[in-house]
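Reader: I would like to learn how to read strands, their pairing and their surroundings in a protein model. Please take one feature at a time.

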Amino acid sequence: MIIKRFQAKTEDEAKAAAFRELGTNAVIIHVKTTRAKGLFAIFKRPTVEVTATVEEESDNPPVSRMPQNGAYTAPLKAQPQSQPQPVRPTFPGVIPDDEPAEKDDNRDKAPAGADIEAKLENLQSLLEKNLKQEGGHSGEKTTGDDSNIEKNQDTVRFLKLIYGTLVDNEVDERYANEIIGELSDVSRPGLSVDSILAGIYQKMILMFGEADTVKSAANGPMMVYFIGPTGVGKTTTIAKIASDLCLKQKKKVALVTTDTYRIAATDQLRTYADIMGTPFRILYTEKEMADSYEEFKDYDYIMVDTAGHSPKNKDLVDGTRQFLHALDGKAEKEVYLVLSATTKYKDLISIVDMYGQLDDYKLIFTKLDETGQLGNLWNIRMRTKASMSYVTMGQNVPGDIAAFNPQTVVKKLLSEE
């Protein structure tokens, strides 16, 4: 793995320099703005520094890489279709004593951990502390096979530390072990802690993927459905997205609800519609859904709030299914499953499995400000393979919502903070 930093006047220029030197397979793992220091700093323009990484060529056959949303990313390793799922860490990549360690000509070129991600400083410090307590590096020089064995042991200890950190942040053991398994090609003696850490960081970002947010329809309004259990902030989330589309992007948005069970939710959405100056309708049947589509055919979006319900309530489940498919073949649609980051993982499993029977969906996570562990975001992304879309972190409308940022979440999952 090659890791380099590039500086330029703007972020675009710095990224362009990275892609020119490292190729279009490079992945940007960090961006920061640097301001000059000293007496005359006020007269100097800030510079932008990007840190980029690219996998070195190996014996593996090349895999085509295509740009996504304008950013070039490296592909994930293909997995066998019927791969068993271990539930305990195996920490692969340990080289046997009779196999020579692979030479890494770039081992001394890796940047410091703080240069990769400042948020991960405490993880590296914890590693060094643990290695010292467990009799790792003693400061004495070693040569030959003894040196390889010691470096190999340090790598395994580091992977164990990463595993423990992920589990502490409520990543399910099965998925934590999969992450460690993804590193089997780099967890060999001679690699620095920084290189392994950068590899973990890069692979997790790629596995999360970029945010897949609301899109426009080619013809007519886009039907945007919001589904999910009660109490997750679904109605407020709709208002946040609608206000951004109306107030910032100047789009025409109509709000409708099929939730005729909770008067408070209906009144709340009506109030938001009045404030934004958008039309609001309550729908009782699939025919009224079709009528609303005709009524607002000149609009950009029709956003639909649906009734939250328990997976065991078959009547409400069937009712939601009928509304979701009422305009099939007539209108373009997107479906968003709204979940709370504070919900227990076992409950989330029941929720996503039930809603997965209704339609394909993208994921929105709410209440990120109410929890310090974000493992559920990783767990549900890996279980459903659904795209991540938005996250919310408060009740303010407009505001307290953002497109999902994989870098931010991965830093928290790898941090002890």
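Reader: In which sense do strands β8 and β9 pair, and over how many bridges?

Author: Strands of a sheet pair through backbone hydrogen bonds, either parallel or antiparallel. Here β8 (residues 333-340) and β9 pair in the parallel sense over 5 bridges; strands are DSSP runs of E with at least two residues, helices are runs of H or I with at least four, both numbered from the N terminus, and two strands pair if DSSP finds at least two bridges between them. Ser-340 stands opposite Thr-366 in β9. From β8 the chain crosses through helix α11 (residues 345-355) to β9, a right-handed β-α-β crossover. Right-handed means that, with the strands pointing away from the viewer, the path from the first strand over the helix to the second runs clockwise. This is a predicted model, where local features need pLDDT of at least 70 and side-chain atom pairs count only at pLDDT 80 or more, while totals for chains, interfaces and linings use all residues. Residues are numbered from 1 along each chain as its sequence is written, and side-chain values use heavy atoms, with hydrogens and water left out.

Reader: Which residues of β9 lie on each side, and are they buried or exposed?

Author: In a regular strand the side chains alternate between the two faces of the sheet. In β9, Lys-362, Ile-364 and Thr-366 are on one side, Leu-363 and Phe-365 on the other, and all are buried. Buried means under 20% relative accessible area, exposed over 50%, and partly exposed in between, with a 1.4 Å probe and protein chains only.

Reader: What is the strand order of the sheet?

Author: The open sheet has 8 strands in the order β6-β5-β7-β4-β8-β9-β10-β11, with mixed pairing. At the edges, β6 (280-282) and β11 (401-403) each pair on one side only. β9 pairs with β10 (residues 388-392) in the parallel sense over 3 bridges, whereas β10 and β11 pair in the antiparallel sense over 3 bridges. Tyr-390 stands opposite Ala-403 in β11.

Reader: How many aromatic pairs are there?

Author: A pair of aromatic rings is described by the distance of the centres and the angle of the planes. Rings of Phe, Tyr and Trp (its six-membered ring) pair if their centres lie within 6.5 Å; planes under 30 degrees apart count as stacked, over 60 as edge-to-face and the rest as tilted. The count by this rule is 5 aromatic pairs. Phe-296 and Tyr-299 are edge-to-face, because their ring centres are 5.2 Å apart and their planes at 70 degrees. Ring pairs also link Phe-208, Trp-378 and Phe-404 into a cluster.
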